[in-house]
Amino acid sequence: MIFESLSDGLFWSKWLPQLVYPLNLSLYLSLVALLLIWKGRQHLATLLLSAAILIVLIFSSPLSVMLYHNHETIHRSGPISDLPRADAIVVLSGDVGIPVPPRQYSQIGGNRLLHAFRLFQAQKAPLIIISGGNVFQNDNVESEALYSLRILREWGVEQESILAESGSRNTFENALNTKKLLQAHRISKILLVTDALHMPRAFSTFQHTGIDVVASPSGYAVAEYSRPTLLQWWPKVENLMIAKRVIREKLGIMVYRLRGWSD
């Protein structure tokens with residue numbers, strides 16, 4: 001399983017980031033430090049513990065929010081009315097909670113599907129294409145794209161206006177498999193919908209495959225409004241999760257470029 005993941009890119013896109021997330025990294029350093037203390041190497045252990053504390057302090061600060069905001073505004077969205085018309089709206093699945101116990105129905109966890117629906121309602125394209133499979137190949141659940149399709153049907157979108165691509169496990173496969181669908185239906189221009197944070201990598205990957213793509217990001221996490229200075233600079237545990245997400249995307253972009261999957 002590990003060697004299969006290494007060969008198909010899942011290791012680089014799914015597992016590698018786990019090693020360098022700030023909280024994970026600080027825990028690894030702390031565990032090594034405890035081992036060194038047991039071995040009687042207190043000086044090196046002190047250095048590692050200090051590094052672990054420093055990592056937590058840095059990434060629990062507003063620096064994480066600033067990095068996140070800068071990344072998710074690389075592609076800024078405007079009013080839907082200002083967007084050009086396209087042949088299809090391509091929405092990358094991943095923000096729908098699948099109906100497994102205790103859930104009885106699919107849940108909307110983000111804004112991608114809703115944004116795609118709004119684009120469709122505004123007649124920006126006559127077709128919605130949902131791309132996304134089952135990352136871990138679990139036989140007990142269907143692909144993310146199919147659950148998303150059913151939600152669109154519940155919202156009143158006709159079946160003939162939706163296509164689902166269910167084989168993708170990462171952004172690179174989203175682009176490749178979607179391109180095959182586009183070619184089969186003679187579609188040239190798309191509006192691409194995904195989270196604002198994910199859009200830089202997704203846009204570059206789709207563009208790299210030769211698709212004529214217009215970015216239409218959704219789900220901005222950091223709102224631009226003024227807050228009391230103390231709240232802006234006060235360290236927060238949730239900033240570690242913010243750092244985790246933006247580091248994952250930065251690493252993803254780096255790995256995709258190294259593997260020749262994006263521009």
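**Close-up views of a predicted model**

Glutamine 123 is exposed, with a relative accessible area of 58%.

Figure 1. Most residues other than glycine have a negative phi.

**Figure 2. The protein chain as a whole.** The protein chain has 263 residues, of which buried residues make up 46%. Eleven helices and seven strands are present in the chain. Taking contacts between residues at least 6 apart in sequence, 71% join residues at least 24 apart.

**Figure 3. The largest nonpolar core and a second, separate core.** The largest nonpolar core contains 24 residues, and Ile89, Val91, Ile128, Ile130 and Leu152 touch the most other members. At least two residues of this core come from each of strand 1 (88-92), helix 6 (112-121), strand 4 (128-131), helix 7 (144-154) and strand 6 (189-193). In soluble globular proteins, nonpolar side chains tend to be buried together.

**Figure 4. Surroundings of isoleucine 130 and serine 148.** With neighbours within four places in sequence set aside, isoleucine 130 is in contact with Val91, Ser93, Ala145, Ser148, Leu149, Leu152, Ile162, Leu163, Ala164 and Glu165. Serine 148 is part of helix 7. Its relative accessible area is 2%, so serine 148 is buried. Residues up to four places away in sequence not being counted, serine 148 touches Ser93, Val96, Leu113 and Ile130.

**Figure 5. Contact of helix 5 with helix 11.** The axes of helix 5 (residues 63-72) and helix 11 come within 8 Å and cross at roughly 40°. The two helices are therefore oblique to each other, and helix 5 passes helix 11 in a left-handed crossing. From helix 5, the contact involves Ser64, Val65, Leu67, Tyr68 and His71; from helix 11, it involves Asn239, Ile242, Ala243, Arg245, Val246, Glu249, Lys250 and Ile253. By class, seven residues of this contact are nonpolar, three are polar and three are charged.

**Figure 6. Contact of helix 9 with helix 11.** Helix 9 (residues 199-208) and helix 11 (residues 238-258) have axes that come within 9 Å and cross at roughly 20°. That angle makes helix 9 roughly parallel to helix 11. The crossing of helix 9 past helix 11 is left-handed. Pro200, Arg201 and Thr205 of helix 9 make the contact with Arg248, Glu249, Gly252, Ile253 and Tyr256 of helix 11. Three of the residues in this contact are nonpolar, two are polar and three are charged.

**Figure 7. Lysine 250 in helix 11.** Lysine 250 is partly exposed, its relative accessible area being 45%. In sequence, lysine 250 and proline 17 are 233 residues apart, and their C-alpha atoms are 9.7 Å apart in space. Lys250 also takes part in the contact of helix 11 with helix 5.

Notes:
Residues are numbered from 1 along each chain as its sequence is written. This is a predicted model: local features need pLDDT of at least 70, side-chain atom pairs count only at pLDDT 80 or more; totals for chains, interfaces and linings use all residues. Side-chain values use heavy atoms; hydrogens and water are left out. Axes are lines fitted to C-alpha atoms, for helices over the stretch in contact, and angles run from 0 to 180 degrees between N-to-C directions. Helices (H or I, at least four residues) and strands (E, at least two) are DSSP runs, numbered from the N terminus. Angles under 35 degrees count as roughly parallel, over 145 as roughly antiparallel, 65 to 115 as roughly perpendicular and the rest as oblique. A crossing is left-handed if the near helix is turned anticlockwise from the far one by less than a right angle, and right-handed if clockwise. Contact means heavy atoms within 4.5 Å. Ala, Val, Leu, Ile, Met, Phe, Trp, Tyr, Cys and Pro count as nonpolar, Asp, Glu, Lys and Arg as charged, and the others, Gly among them, as polar. A nonpolar core is a set of buried Ala, Val, Leu, Ile, Met, Phe, Trp, Tyr and Cys residues joined through side-chain atoms within 4.5 Å. Buried means under 20% relative accessible area, exposed over 50%, partly exposed in between (1.4 Å probe, protein chains only).
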